[in-house]
Amino acid sequence: MSCLLRFALAAVLAMLASAAPAQTYPARPIRLLVSFPPGGASDLVARTLGQPLGARLGQPVVVENRPGYTLLLGPSSLFAINPHLYAKMAIDPLKDLLPVASLVSNELILAANPALPSVTDFRGFIALARDARPPLFYASIGNGSEHHLAMELLKQQAGIDLVHVPYRGGGPAAIGVMAGDVAAMFGGGSVAPLVQAGKLKGLAVSGQRRSRLLPDLPAIADVYPGYDVTIWQGLFAPVGTPPAIVARLREEANAVLAQPDIAEKLAAAGSGDPYVTTLAELAARIRSDHARYGKLIKDIGLAVD
């Protein structure tokens with residue numbers, strides 16, 4: 001976990017000391033913390049949703065890529081992966097953060113170097129990987145990322161062996177695949193234009209449904225039932241936030257997600273699709289993902305701390 005996220009999460013907890021009463025909330029601007037640098041997927045989601053959410057709440061929502069207070073845009077990895085990887089965290093996200101609303105979700109795209117022999121589709125890639133001696137290399141955006149674990153899960157379910165090569169971000173990883181330094185990768189929405197341009201070979205998507213960006217690609221679950229790697233992001237507040245404030249924020253966030261232009265803006269940015277759940281469904285998703293990734297991380301003996 002980055003220092004930024006450590007400080008941001010600690011600062012979120014300070015919000016309770018000065019929270020406005022539920023009946024007057026919000027009485028001042030809201031800071032929406034994003035624990036990743038500007039320009040990334042989380043930042044784009046925050047800026048796409050922040051302005052219309054602020055308009056509905058009657059106070060500006062200020063997106064900050066640094067420590068602040070009030071609300072946190074929390075990625076699924078914070079709850080499902082990080083607790084299993086890091087021996088020490090500033091807080092326990094499962095106990096100290098309160099779900100407010102689910103916001104967006106997106107599947108990953110399995111893409112390969114177009115020059116891979118005999119690989120015209122997903123089944124062809126699996127067959128090549130199963131027979132390759134030595135094993136094929138694959139890229140990820142970083143050790144312990146969902147992109148990394150998506151391939152490790154596929155290795156388990158398909159009975160194949162590939163060697164992990166972590167890169168520093170999606171751009172360098174995609175360059176590595178295009179150059180033939182590695183055979184394949186799981187990438188986010190930014191990979192779609194490369195597939196559409198023929199620079200990468202799209203094979204499948206990691207979610208339970210097809211991608212709106214690349215509708216011709218099958219879901220891996222069509223071949224390996226139960227396979228599902230879906231990245232999601234949600235809105236979170238400190239535990240102890242008054243229920244009336246949570247209800248108001250949730251109502252307005254869902255109203256923003258229902259606006260016709262929001263889905264198009266998210267898709268254009270490669271940030272996924274609106275993801276609306278009940279609080280019970282979001283809590284169940286957090287528990288399920290935490291348990292599933294915890295088992296996978298233990299199975300492969302992954303440690304980054």
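**Stop 1: the largest cavity**

Select Asn106, Glu107, Ser211, Leu213 and Gly272: of the 14 residues that line the largest cavity, these lie nearest its centre. A cavity here is a set of points, on a 1 Å grid over the protein atoms alone, where a 1.4 Å probe fits but cannot get out, and lining residues have an atom within 4 Å of a point. This is a predicted model, in which local features need pLDDT of at least 70 and side-chain atom pairs count only at pLDDT 80 or more, while totals for chains, interfaces and linings use all residues. Residues are numbered from 1 along each chain as its sequence is written, and side-chain values use heavy atoms, with hydrogens and water left out.

The largest cavity holds about 110 Å³ of space, a volume being the space filled by probe spheres set on grid points that are joined across faces, edges and corners. The structure has three cavities of 30 Å³ or more.

Now colour strand S4 (97-107) and helix H11 (260-268), each of which supplies at least two residues of this lining. Helices (H or I, at least four residues) and strands (E, at least two) are DSSP runs, numbered from the N terminus.

**Stop 2: Asp228**

Go to the loop between strand S9 (201-205) and strand S10 (230-238), where Asp228 sits. Is Asp228 buried or exposed? Asp228 has a relative accessible area of 14%, so it is buried (under 20%; exposed is over 50% and partly exposed in between, with a 1.4 Å probe and protein chains only).

Show contacts (heavy atoms within 4.5 Å) around Asp228. Leaving aside neighbours within four places in sequence, they are Leu153, Ser206, Gly207, Gln208, Arg285 and Arg292.

**Stop 3: aromatic pairs**

There are three aromatic pairs, that is, rings of Phe, Tyr and Trp (its six-membered ring) with centres within 6.5 Å; planes under 30 degrees apart count as stacked, over 60 as edge-to-face and the rest as tilted. Select Phe79 and Trp232: their ring centres are 6.1 Å apart and their planes at 20 degrees, so this pair is stacked. It links distant parts of the chain, with Phe79 in helix H3 (residues 76-80) and Trp232 in strand S10, 153 residues apart. Phe79 is buried at 1% relative accessible area, and Trp232 is buried at 0%.

Next, select Phe122 and Tyr224, an edge-to-face pair with 6.2 Å centre to centre and 85 degrees between the planes. Both Phe122 and Tyr224 are buried.

Notes: 1 Å grid on protein atoms, 1.4 Å probe; cavity = no way out; pocket = protein on both sides within 12 Å on 5 of 7 lines; lining within 4 Å.
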